[in-house]
Amino acid sequence: MKKEAYTIVVDSREQKPLWKKDIEVKKLDAGDYSIKGYEDKICIERKSLGDLFGTLGGGHARFNREIERAKSLDYFAIVIDGTITKCLLKDFPGSHFSKMKGFVVFAILCTLHLKHDIPFYFTNGRSESKRLIKELFNAYCRKNGYPTGN
């Protein structure tokens, strides 16, 4: 696999980054991952299921502000480290700490998608999320004529 021609930017507040080398760490206005030089164009927000439930429960106001900031981007998406089934069944470590119901979280995501045109993707975990984010970045670069290395 070829090395990408771009550098991935990781938000400085990201707790457990998917990438640890060949990255730039800095504060992003929206999302957790972007492409160096295009931070004002594309950002991806990544959430574990636990973080998703917490954000859409208690942190909803802060998340809404982030969504407002993301509206100026060409592309913003949410990538979730967990499957739809695990979300609906509330099957993740620490799930008992959240009062949110899985179907409610899923409904909120669907509303965000339709109301704000924000796609969301469920994955089987961190490894799939990493691959998905990389492919989204590659597709964005190809679409816009930016170098990808592929």
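Predicted model: local features only at pLDDT ≥ 70, side-chain atom pairs only at ≥ 80, totals over all residues.
Residues are numbered from 1 along each chain as its sequence is written, and side-chain values use heavy atoms, with hydrogens and water left out.

The protein contains 5 helices and 6 strands, where helices (H or I, at least four residues) and strands (E, at least two) are DSSP runs numbered from the N terminus. In sequence order, these elements follow the pattern β-β-β-β-α-α-β-α-α-β-α. The C-alpha trace spans about 45 × 30 × 25 Å along its principal axes. For 150 residues, a compact globule would have a radius of gyration near 15 Å, and the value of 15 Å found for the protein agrees with this. The radius of gyration is taken over C-alpha atoms, and the globule rule is 2.2 Å times the number of residues to the power 0.38. Of the 150 residues, 44% are buried; buried denotes under 20% relative accessible area, exposed over 50%, and partly exposed the range in between (1.4 Å probe, protein chains only). Accessible areas come from the Shrake-Rupley method with a 1.4 Å probe, and for residues only the protein chains shown count as cover.

Two surface patches are described here. Patches are made of residues with over 30% relative accessible area and no salt bridge, with like charges joined within 9 Å and nonpolar side chains (Val, Leu, Ile, Met, Phe, Trp, Tyr) within 5 Å. A patch of positive charge on the surface is formed by K16, K20, K21, R126 and K130. In this assignment Lys and Arg count as positive and Asp and Glu as negative, while His and the chain ends are not counted; the place of a charge is taken as NZ of Lys, CZ of Arg, CG of Asp or CD of Glu. A nonpolar surface patch of about 280 Å² is made by I84, L88 and F103. Of these residues, L88 is located in helix α3 and is partly exposed, as its relative accessibility is 40%.

Salt bridges were assigned where a side-chain nitrogen of Lys or Arg lies within 4 Å of a carboxyl oxygen of Asp or Glu. By this rule, the count comes to 12 salt bridges. One of them joins D11 and R13, whose closest N and O atoms are 2.8 Å apart. D11 is buried, with a relative accessible area of 3%, whereas R13 is partly exposed at 46% relative accessibility. K47 takes part in a salt bridge with E45 (2.9 Å, N to O), and both E45 and K47 are buried. K47 also meets D51 in a salt bridge (3.3 Å, N to O). The relative accessibility of K47 is 3%, so this residue counts as buried, while D51 is partly exposed, with a relative accessible area of 34%.

Backbone geometry was examined at two loop positions. Most residues other than glycine have a negative phi, and most peptide bonds are trans. D22, although not a glycine, has a positive phi of about 55°. D22 is placed in the loop between β1 (8-11) and β2 (23-26) and is exposed, with a relative accessible area of 57%. K90, likewise a residue other than glycine, has a positive phi near 55° and lies in the loop between α3 and α4.

The loop between α3 (84-89) and α4 (102-116) also holds K99. K99 is exposed, because its relative accessible area is 81%. K99 and I8 are 91 residues apart along the chain, and their C-alpha atoms are separated by 35 Å. Y75 is part of strand β5 (residues 75-81) and is partly exposed, with a relative accessible area of 22%. Between Y75 and D11, which are 64 residues apart along the chain, the C-alpha separation is 16 Å.
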